[in-house]
Amino acid sequence: MQITEQNHLKYKNRINLGSYYTDTKHVDTVWDFIEPHIDDDFIVLDTSCGYGNFLQKKSNNNKKIGNDIDEVAISSSYKNIDDACLFNHNALSEVSRRKYKINENDKLCIVGNPPYNDRTSIIRNNIKQINFNIDNNIKTRDLGISFLRSYDKLNADIVCVLHPLSYLIKKTNFNLLKEFSRNYKLIKGKIISSGSFRQTSKNMQFPIVIALYKKEKDGMNCDYIKHFKFEIQKDLFFKQNSFDYISTYIKKYPNKYIQADKNSILFWTIRDINALKRNRTFIEKASSNTIVVDKKKLDYYIYIDVFKRYISHVPYYLGNCDVIINNSLFLKFKKYFILDSLFYQPKLRQYYAQFDFSQTHYKNLAKEKIQLYLKQLLGEHYAN
Ligand SMILES: C[S@@+](CC[C@H](N)C(=O)[O-])C[C@H]1O[C@@H](n2cnc3c(N)ncnc32)[C@H](O)[C@@H]1O
């Protein structure tokens, strides 16, 4: 199979259309996932096929249909694949099987790597302008979520696509999936890094899941996802509920009824691990993004401050999770966390008068103990 990389779009359009083409190894994973679930009667459709990377599979007899809004991409698809039917439609407008000449009773499997582009995100907002029309019943702030909902409208039997893991594990995103989550159940999920796509940022990698869904009458809920075992690599799995999270112990978001005063300790809003990488922790100036720390819980804010300094030990696939914690273990190691934090946050020393900072080797001791804590917390997920 010859996989082709997108090369005709300039930076701005690449971001607007989410045009990052998929590598052979991920395409092969998709085919490995679907093959046990489809027979020769299935039509395999990619509604955002780019140069047609997912449809170049020669060794099977399925009818293949490709579509892309980008005319140039579709004309390249014609060169790459000889046995697929190709269309040049906006996949999110007037969604129907008719559009692709598929009958209502045909068995349908949807594959691909639809664009994921949060239309409201602040990052690179100036160049994100989505001009094409999206049907109201699938419109959301994220193009990828609209694509998943369009697969439900197409009444696919099997769906196997790449999308950000955050669609499943962030409650606000999961709620936007609506009919898709009511009608489809995740059967298999393999996590890969956004950094494995050429032309994407390597600094802030986020987890993408190659997800196989089957149409099922009970669909799935958040709890089902919390217990789901995602594959990372051979013999390594990630399950959301195998960790405890900081939100069990403190409030993550500002409370507008609690006003800051001159004695307040302020902390930046805690969204998820990737946001913590970007943001500061303790800060001086109050704003709509600051939390007034409940001083009785200061130890937990200190925990987050330290967690940020050691975040390189946390693997990319936990990037969309809340800060993780093992509370009983933390209580045992707490004094080292406090020691470490107070070296960097001298203003907090007044709250821990009993601590002695005179010995410089304490800093190394704290570092050693915190790494030990993280090794136990993360186990096989600890990144060196
Ligand atoms: C991430 S690329 C994937 C391309 C291809 N499936 C692959 O993985 O190699 C996303 C593709 O979605 C297409 N696209 C974006 N919005 C679309 C829309 N509304 N309808 C159809 N295609 C769209 C882009 O032109 C781009 O080719």
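The protein in this predicted model is divided into two parts, namely domain 1, which covers residues 11–241, and domain 2, which covers residues 244–381. The points below take up the contact between the domains, then the ligand, and then one of the sheets.

**Where the domains touch**

- Across the boundary between the domains, 13 residues of domain 1 are in contact with eight residues of domain 2.
- On the side of domain 1 that touches domain 2, at least two residues are supplied by each of α5 (166–169), β6 (184–193) and β9 (236–238).
- Sorted by class, the residues on this side of domain 1 comprise nine nonpolar, three polar and one charged.

**Around the ligand**

- The ligand has 26 residues around it, and those that come nearest are Tyr 21, Thr 22, Ser 48, Gly 50 and Asn 113.
- The shell that these residues belong to contains 12 nonpolar residues, 11 polar residues and three charged residues.

**A three-stranded sheet**

- An open sheet is formed by three strands with antiparallel pairing, and their order is β12-β11-β13.
- Because β12 (282–283) and β13 (290–292) stand at the edges and each has a single partner strand, one side of each is left without a neighbour in the sheet.
- Strand β11, made up of residues 266–268, runs antiparallel to β12 and is joined to it by two bridges.
- Within this pair of strands, Leu 266 stands opposite Ile 283 in β12.

Notes
Residues numbered from 1 in each chain as written. Predicted model: local features only at pLDDT ≥ 70, side-chain atom pairs only at ≥ 80, totals over all residues. Near = placed C-beta within 6 Å. Nonpolar A, V, L, I, M, F, W, Y, C, P; charged D, E, K, R; others polar. Domains from an automatic or database assignment. Contact = placed C-beta atoms within 7 Å. Helix = DSSP H or I, 4+ residues; strand = E, 2+ residues; numbered from the N terminus. Pairing = 2+ DSSP bridges.
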